[in-house]
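Dear colleague,

Please find below the structure that I promised to hand over, followed by an account of what was found in it.

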Amino acid sequence: MVLIPLLQRCIQLLTLPVYLLSYLGLWDPLCKKIFPYLMAKCSTIYNRKLFQQKQDLFSNLGEFAGPSRELRLLEIGTGTGANFQFYPPGCRVTCTDPNPNFEGFLLKSISDSPHLRFQRFMVASGEDLLPVADDSMDVVVCTLVLCSVRSIEQVLREVLRVLRLGGALYFLEHVAADHSSWGYFWQQIYNPTWRYLGDGCCLTRETWKDLEKAGFSELKLRHIDAPMSWNPTRPHIIGYAVK
């Protein structure tokens, strides 16, 4: 459709300074510093609007605790720690994020979450979790992360490596809208510029397909529309997958 690339160019013209900074190699380091502040604001709004969905999603986390009854949880792309309030008391949490500028926000969330036992924070991408031992986690959590990783397939391979047999991956991700919808039409228009503004975030990923073929023994997955006003990230998938 000729209209889509035309409208993409219009959006790019409106955000020309961002593209110029990127061409000069200045945008990425600047974005890495600004993005945590933006996410701190957005996460508060997101948690308020999806509180019930998150509460329901994480309600059975304790069922995956190991023989010691301690739940060992690894969160990929922890960001500001927006999920901490939903984790059960006594949970042993290991945090990872590829952006070290989140650490200050994360430390505040840790101090506000005395019900949890924090193990460590690692600057690491989801594709490379080598500091985490094989079969060492009961649960891995990944929310609003798979939209921006380089390779969903490699992230899921790492998740399966670090999970013990019977452990679970919990996910909540925005995804591509139905291809026949106006939502998908606008996702395609915004996507090239959105990836610059959102630190690599992609609007048109069909993440459920990667989860379906990753090799989990059980997959509980639902498509939902997040209760937000019109927003290109409104289509979501939510659920968990068992190793």
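Does Leu144 count as buried, partly exposed or exposed? With a relative accessibility of 28%, Leu144 counts as partly exposed, because buried means under 20% relative accessible area, exposed means over 50%, and partly exposed lies in between, with a 1.4 Å probe and protein chains only.

Before going further, please note that this is a predicted model, in which local features need pLDDT of at least 70 and side-chain atom pairs count only at pLDDT 80 or more, while totals for chains, interfaces and linings use all residues. Residues are numbered from 1 along each chain as its sequence is written, and side-chain values use heavy atoms, with hydrogens and water left out.

The sheet

Seven strands make up an open sheet of mixed pairing, and their order is S3-S2-S1-S4-S5-S7-S6. Strands here are DSSP runs (E, at least two residues), as are helices (H or I, at least four residues), and both are numbered from the N terminus; two strands pair if DSSP finds at least two bridges between them. Strand S3 (117–123) and strand S6 (218–225) stand at the edges with a single partner strand each, so one side of each has no neighbour in the sheet. On average, and with direction ignored, neighbouring strands of this sheet are turned by 15 degrees against each other, where the axes are lines fitted to C-alpha atoms (for helices over the stretch in contact) and angles run from 0 to 180 degrees between N-to-C directions.

Strand S1 runs parallel to strand S2 (residues 92–97), to which five bridges join it, and Arg72 stands opposite Arg92 in S2. S1 also pairs with S4 in the parallel sense, over three bridges; Leu74 has Val140 of S4 as its bridge partner, and Glu75 has Val141 of S4. Four of the five residues of S1 are buried, so S1 is largely enclosed by the rest of the structure. For S4 the count is seven of seven buried residues, so S4 too is largely enclosed by the rest of the structure.

S4 pairs with S5 in the parallel sense over six bridges, and Met137 stands opposite Leu163 in S5. Together, S4, H6 and S5 make a right-handed β-α-β unit, the crossover being right-handed if, with the strands pointing away from the viewer, the path from the first strand over the helix to the second runs clockwise. Helix H6 (residues 152–162) lies across strand S1 (72–76), strand S4 (137–143) and S5, and runs at about 145 degrees to S5; contact is taken as heavy atoms within 4.5 Å.

Phe171 has Gly239 of S7 as its bridge partner, and Leu169 stands opposite Ala241 in S7. S7 also pairs with S6 in the antiparallel sense, over eight bridges, with Arg222 opposite Ile238 in S7. S7 is mostly covered, eight of its eight residues being buried: Pro235, Ile237, Gly239 and Ala241 point one way, whereas His236, Ile238, Tyr240 and Val242 point the other way.

The largest pocket

The largest pocket has a volume of about 1200 Å³. A pocket is an open set of points on a 1 Å grid over the protein atoms alone, where a 1.4 Å probe fits, with protein on both sides within 12 Å along at least five of seven lines, and its lining residues have an atom within 4 Å of a point. Grid points are joined across faces, edges and corners, and the volume is the space filled by probe spheres set on the points.

The lining of the largest pocket comprises 45 residues, of which Phe35, Met39, Leu144, Cys147 and Gly198 lie nearest its centre. Helix H3 (27–49), S1 and helix H7 (182–197) are the elements that give two or more residues to this lining, and the largest share, ten residues, comes from H3.

Two residues with positive phi

Leu144, which lies in the loop between S4 and H6, has a positive phi of about 55 degrees although it is not a glycine. Asp199, found in the loop between H7 and helix H8 (207–212), is likewise a residue other than glycine with a positive phi, near 55 degrees. Asp199 is buried, with a relative accessible area of 19%.

With best regards
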